[in-house]
Each structure stands twice: as structure tokens, then as C-alpha cells.
Amino acid sequence: MRLLLVEDDPMIGEALLDLLRAEHYAVDWVRDGAMADTALRTQHYDVVLLDLGLPKRDGIEVLQALRARRDRTPVLVATARDAVADRVAGLDAGADDYVVKPYDTSELLARIRALVRRGAGVAEPVFSHQGVTLNPATREATLDGQPVPLSAKEWAVLEPLIARPGVVLSRAQLEEKLYGWKDDISSNAIEVYIHGLRKKLGSGFIQTVRGLGYLVPRE
Ligand code: CA
């Protein structure tokens, strides 16, 4: 899953980047409102973590512009502890949720997981399909009730596919979930992870749609 982190404070930004990458999110970090706007116009994100007080363009303006484009990307607004008015303004401008600074990291991660699920149209906290379950909170995968060890990259490829059975994702779309801007992408990486997943989950769990990409079949 790919996140946009919008935060101008370098220390908070570095800490969040480490935290989110340790959770295996692909994260792009921008430090002002204009960059956030550009990133949101050019890249699809599963969740945006948006600070409100930003150089160049206020977070509220970025959010309003996003919603004015009818872009429904889930947005988690970050506000200062005592700023009730900021929270109200953020929600009214189209934020899906908010977190209070300084962050409680476990709460932040839980709210991000909830928004990822909501963005996928899934209400249950665990993805479950055809005998395979993925629990993003514990990062445990099972096949027919038995634990299946998945690498972080395998997980990153499988999660968006199992979140939307029947939907084809292209190799480029899967790469977006896997890598931030600064990562190198080796040309056959996705195929390697798909191959690994098929060995662990059964060859039919992920199907190749020739010329288009991959999907987890609905039935
Ligand atoms: Ca700020």
C-alpha cells in the first residue's frame, strides 16, 4: 500500500517515515503544500497523512483542491492537540479522519489501516478470500487456517489484490504499492513475488490476465 506523507517538520517527518516503512508501506514524503498538490495530481495513493500547517499551501487548501477534483483518496489529517477548530475544518474540507499530534503511533497505524480498508470498500479488519486470510494489524497470513510466512514484498503485492477480488491490477499499479520514489525497481520483481505467492497459496489463487496484469478471481 502506498502512502503520501505531508509534513514540513523534518524531525516528525523522519520519525514517521521510519515508522511507516517499518510497517512495509511504500511512502512518499513531501514537505510543503505545493508539492503535496503535485504528488496527489500525479500519483495514486491508498492513504494521505496530511499536516495542516504547511509552507506554500495550507493543508486545508490541498484537501479542498483534492475533493474539488472528485478525488476520493482517503485523507487522515494531523492536528495539534488543542486545535478543535482545525479538526472541524479538516473534516468539513473532506478529511476522512484525524489524528492528534504528538502522535500515538499505535493509534496512527490503526487509523491508517482503517482507511486502507475503507478505501477498498472492506469493513472487516481481516481480508479473507478463498481460504486465505490477511490480517494487516498483526501481519499474519493463513491458508486454510494454517500460518503462511510471507515476505514484506509478497505481502505488499498480495494485499491490494485480495482487497479487491475480480479487479485486475497491472504490473505498474502493483509496483506503485511496493515502492516509494527513491527505491529502485528491478524489471521482473513483481513476477518474482507473484511466483512466490503462488507457491505458498496455490497456483490458482492469483491469475495472470495476459497483457493486463494480475487478479485474485472472485470465485
Ligand atoms: Ca506543520
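The model is predicted, so local features need pLDDT of at least 70 and side-chain atom pairs count only at pLDDT 80 or more, while totals for chains, interfaces and linings use all residues. Residues are numbered from 1 along each chain as its sequence is written, and side-chain values use heavy atoms, with hydrogens and water left out.

Tryptophan rings do meet arginines here. R31 lies over the face of W29, 3.8 Å from the ring centre, and R139 lies over the face of W155 at 4.6 Å. A charge sits over a ring if NZ of Lys or CZ of Arg is within 6 Å of the ring centre and within 35 degrees of the ring normal.

Now turn to the calcium ion. Its protein donors are D8 (OD), D51 (OD) and G53 (O), at 2.1 to 2.4 Å; donors are N, O and S atoms within 3.2 Å for Ca. Along the sequence, the donor residues follow the spacing D-x42-D-x1-G. D8 sits in the loop between β1 (2–6) and α1 (10–22), and G53 in the loop between β3 (47–51) and α3 (59–68), 45 residues apart. Helices (H or I, at least four residues) and strands (E, at least two) are DSSP runs, numbered from the N terminus. D8 is partly exposed, with a relative accessible area of 30%, and G53 is partly exposed too, at 47%; the term covers values between buried (under 20%) and exposed (over 50%), using a 1.4 Å probe and protein chains only.

Key
Donors are N, O and S atoms within 2.8 Å of the metal (3.2 Å for Na, K and Ca); water is not among the atoms, so sites may look incomplete.
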